[in-house]
Amino acid sequence: MTSSPHLEYEINNDPEAAYLMIKLKSLEKAFIKISNLNLKDASLEVGKSVISDSLDLHLNFPLTSNLSIHEITAPKLPGSVYLIPDILGSVEYHSLDETSGIITQIFSFLACSENVQLRVMSSPDIKQFSQGDSFFLHLLGKGDLWLNYYGNIQEISVQGNYLINLSYVVAFQDTLNYEIQQVEGLSLGGLQIGTVGEHNLFCHFQGTGKIWIQSRHRYALLIFFAPFVN
């Protein structure tokens with residue numbers, strides 16, 4: 001069991017079944033992505049959605065659980081909640097401070113402590129290819145954050161310019177300026193899977209800050225299976 005500044009937690013990073021356990025003391029609260037909720041103690045209560053219920057997103061597709069982040073509380077007795085990521089890989093803890101925030105792709109978010117502010121961002125550049133993949137979370141404040149990575153984790157310190165395939169980007173500090181670009185000649189337009197991985201979108205970072213990337217991306221798995229389903 002690891003004790004962060006606010007919440008106790010345990011990470012099992014077995015590559016075949018990584019999971020996160022958060023232990024809430026009496027009256028403590030956290031925010032979790034509801035699609036990752038595997039089990040919880042009966043003493044814990046799942047409350048309202050702090051994202052989908054409070055935002056007017058004007059979506060052209062049904063709101064999925066990947067955009068639904070709920071509060072979970074221990075109103076009286078302590079208890080534990082277990083979260084299993086949507087994709088196989090690693091779970092990593094990040095300590096947020098007030099000097100900079102973190103922007104993450106929403107499907108990589110697992111949980112955060114209650115004093116972290118969550119704001120949904122949408123990229124029009126990505127939305128024209130895949131509306132479901134165009135949402136990001138901007139996390140601000142001082143507290144705990146847990147993210148899911150497909151494969152292994154690598155932290156990159158940027159000073160200047162850096163270009164990365166967007167499919168590998170999990171999160172980055174908001175001290176960096178960024179621009180989404182489509183690199184000509186790398187499109188896989190013949191693959192009809194309708195995702196950002198199909199169009200090889202890259203993120204051009206400028207400035208000073210950190211980027212966290214994953215060693216694999218989920219669209220590579222779709223590419224592998226595509227010939228068998230067409």
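Predicted model: local features only at pLDDT ≥ 70, side-chain atom pairs only at ≥ 80, totals over all residues.

Trainee: How many disulfides does the structure hold?

Mentor: A disulfide is a covalent bond between the sulfur atoms of two cysteines. With the criterion of a pair of cysteine sulfur atoms within 2.5 Å, the structure holds zero disulfides. Cys203, at 1% relative accessibility, counts as buried.

Trainee: In what order do the six strands of the open sheet lie?

Mentor: Strands (E, at least two residues) and helices (H or I, at least four) are DSSP runs numbered from the N terminus, and two strands pair if DSSP finds at least two bridges between them. Here the order is E6-E7-E4-E11-E14-E9, with antiparallel pairing. Strand E6 (45-49) and E9 are the edge strands, each pairing on one side only. From one strand to the next the twist averages 25°, an angle between N-to-C directions, on a scale from 0 to 180 degrees, of axes that are lines fitted to C-alpha atoms (for helices, over the stretch in contact).

Trainee: Which strands pair with E14, and over how many bridges?

Mentor: Strand E9 (residues 90-96) pairs with E14 in the antiparallel sense over seven bridges, and strand E11 (residues 109-113) is joined to E14, also antiparallel, by three bridges. Leu145 in E14 is the bridge partner of His94 and also of Cys112. Strand E14 itself (residues 143-149) is mostly covered, with seven of its seven residues buried.

Trainee: Where are the salt bridges, and how many does a search of the whole structure find?

Mentor: Side chains of opposite charge can pair when their charged atoms come close. Taking a salt bridge as a side-chain nitrogen of Lys or Arg within 4 Å of a carboxyl oxygen of Asp or Glu, the search finds two. In one of them, Lys29 pairs with Glu71, the closest N and O atoms being 3.7 Å apart; Lys29 lies in strand E4 and Glu71 in strand E7, so the pair ties together parts that are 42 residues apart in sequence. Glu155 and Lys210 also meet in a salt bridge, at 3.5 Å from N to O, and this pair links strand E15 (residues 153-165) with strand E18 (residues 201-214), 55 residues apart.

Trainee: What is the phi of Leu27?

Mentor: Most residues other than glycine have a negative phi, and most peptide bonds are trans. Leu27 has a positive phi of about 75° although it is not a glycine. Leu27 is found in the loop between strand E3 (19-24) and strand E4 (29-33), and counts as exposed at 67% relative accessibility.

How values were computed: Residues numbered from 1 in each chain as written. Heavy atoms only, no water. Buried < 20%, exposed > 50% of the residue type's maximum accessible area, 1.4 Å probe, protein only.
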